[in-house]
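Student: I would like to learn how to read the features of a structure with some care. Could you take me through one example, giving the general idea and then the case at hand?

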Amino acid sequence: MSNLHLGMSGVYKVVTKAQFCEFPKEILVDVYVRPKMIVIPNVRTLYQIAGGNTTIIKVIIAGGVPMPQREHLVWYKGSKPLQVTRNGRVKIQNDEWLEKTDHSKDDITQSKPKRIDQLHCGTDYQSYKAITSKLRMRGAEDGLLLGLPVITSVTSSPHVAVEDSSDILHVDLKNDEDLTSIDWYYNGKLIEIEDKHYSFPGSLPGRPDSRKILKMSNLHLGMSGVYKVVTKAQFCEFPKEILVDVYVRPKMIVIPNVRTLYQIAGGNTTIIKVIIAGGVPMPQREHLVWYKGSKPLQVTRNGRVKIQNDEWLEKTDHSKDDITQSKPKRIGWNSTLSITSPHVTDSGKYFFMVSFPKTNYTVERIIKVTKL
């Protein structure tokens, strides 16, 4: 039996069979769940000066199946058991850790709080801070986080993905030896199975640490939203959210529809026009950029090399004399690069780019200018 868990407890039966008979035997298997034990201070060796301050070692025990009872808690020095006593120079004290209740001291109907069998924790570690404030020991919070699958990093949020492409979200954590599962959610719904949109590259059965990557395929606008990854241990879980924005690529039509434009030095004006339509989010004027090689070109209507970005507005039925008309809605852009009396030095690769902070869309044209 490998990768044992509590759900594998039960009755196992072995049956040996011959041609005319069989002999069964049953075995009752109880799978015990190791309690979480956190030692404070979180060091293997404590150095003390004779006659100095009191030496204190505290162990916090949470959960476990079956849950430990007082008689199960034992201290040893070497092979010699130590007696539980609150008096003397060497003292041992076993206190119950009870859950918090909202009962008032005068509430005679209140029942005794139950002993905690689960460590509840989250991104703010409030339950840990409440405990450490009582311990008043330096480094106690680090000790309480020892061995838990704490998330150290995730894909940055907000994250931009592009329609009709693939992208990944990832999580990194420490202490994954106590990990029981990594679960991914989309808008609060658990992503349970792999399909054409979601998969877990490298995922292995029985290996919860192998779901650190969520691959998103065939992306579309409807896959925008809040993705949450939750790393879970036996008594604890750590969530992180990632906001994903799926951008829709604008339609870009280049005129003329050829990759390379051949021109004669000093000849006709070279013109490249790009029509941009739609897109989510819709491009604004500041997102329209031209480059020659790696050098950005300035938007100017003067000079030999000119760039002009004009709005493409939807048609309306308003007459010119209709004073109540509102401004037509913009549905796209016309961006034009023109080079008057081209020079040989104008030869090179030209790029038009719709440039957003997190992604960009590019078209390329080559201009070759030669002398007669």
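This is a predicted model: local features need pLDDT of at least 70, side-chain atom pairs count only at pLDDT 80 or more; totals for chains, interfaces and linings use all residues.

Student: How many helices and strands does the protein have, and what percentage of its residues count as buried?

Tutor: Helices (H or I, at least four residues) and strands (E, at least two) are DSSP runs, numbered from the N terminus; here there are 2 helices and 24 strands. A residue is buried under 20% relative accessible area, exposed over 50% and partly exposed in between, with a 1.4 Å probe and protein chains only, and 31% of the 372 residues count as buried. With contact taken as heavy atoms within 4.5 Å, residues 24 or more positions apart account for 59% of the contacts with a separation of 6 or more.

Student: Which residues touch the most other members of the largest nonpolar core?

Tutor: In soluble globular proteins, nonpolar side chains tend to be buried together. A nonpolar core is a set of buried Ala, Val, Leu, Ile, Met, Phe, Trp, Tyr and Cys residues joined through side-chain atoms within 4.5 Å. The largest one has 24 residues, and Trp184 and Tyr227 touch the most other members. Strands β9 (167-173), β10, β13 (213-216), β14 and β15 (237-247) each supply at least two of its residues, and β15 gives the most, with 4 residues. A second, separate core holds 23 residues, including Val274, Ile307, Tyr350 and Val354.

Student: How should I read the aromatic pairs, and how many are there?

Tutor: Rings of Phe, Tyr and Trp (its six-membered ring) pair if their centres lie within 6.5 Å, and planes under 30 degrees apart count as stacked, over 60 as edge-to-face and the rest as tilted. A search of the whole structure finds 6 such pairs. One of them joins Tyr186 and Tyr227, whose ring centres are 4.8 Å apart and whose planes meet at 35°, so the pair is tilted. This pair links distant parts of the chain, since Tyr186 belongs to strand β10 (residues 181-186) and Tyr227 to strand β14 (residues 225-232), 41 residues apart. Both Tyr186 and Tyr227 are buried, and ring pairs link Tyr186, Tyr198 and Tyr227 into a cluster. For Phe356 and Tyr361, the centres are 6.3 Å apart and the planes are at 80°, so that pair is edge-to-face; Phe356 and Tyr361 are both buried.

Student: Which backbone features deserve a look?

Tutor: Most residues other than glycine have a negative phi, and most peptide bonds are trans. Here a cis peptide bond joins Ile40 and Pro41, with omega about 5°, and Pro41 is placed in the loop between β3 (36-40) and β4 (58-62). The bond from Val280 to Pro281 is also cis, with omega near -5°, and Pro281 is found in the loop between β18 (270-277) and β19 (288-292).

Student: What of phi at Asn3 and Asn187?

Tutor: Asn3, although not a glycine, has a positive phi of about 50°; Asn3 lies in the segment before β1 (10-17) and counts as exposed at 56% relative accessibility. Asn187 likewise has a positive phi of about 50°, but lies in the loop between β10 and β11 (189-190) and is partly exposed, with a relative accessible area of 48%.

Methods
Residues are numbered from 1 along each chain as its sequence is written. Side-chain values use heavy atoms; hydrogens and water are left out.
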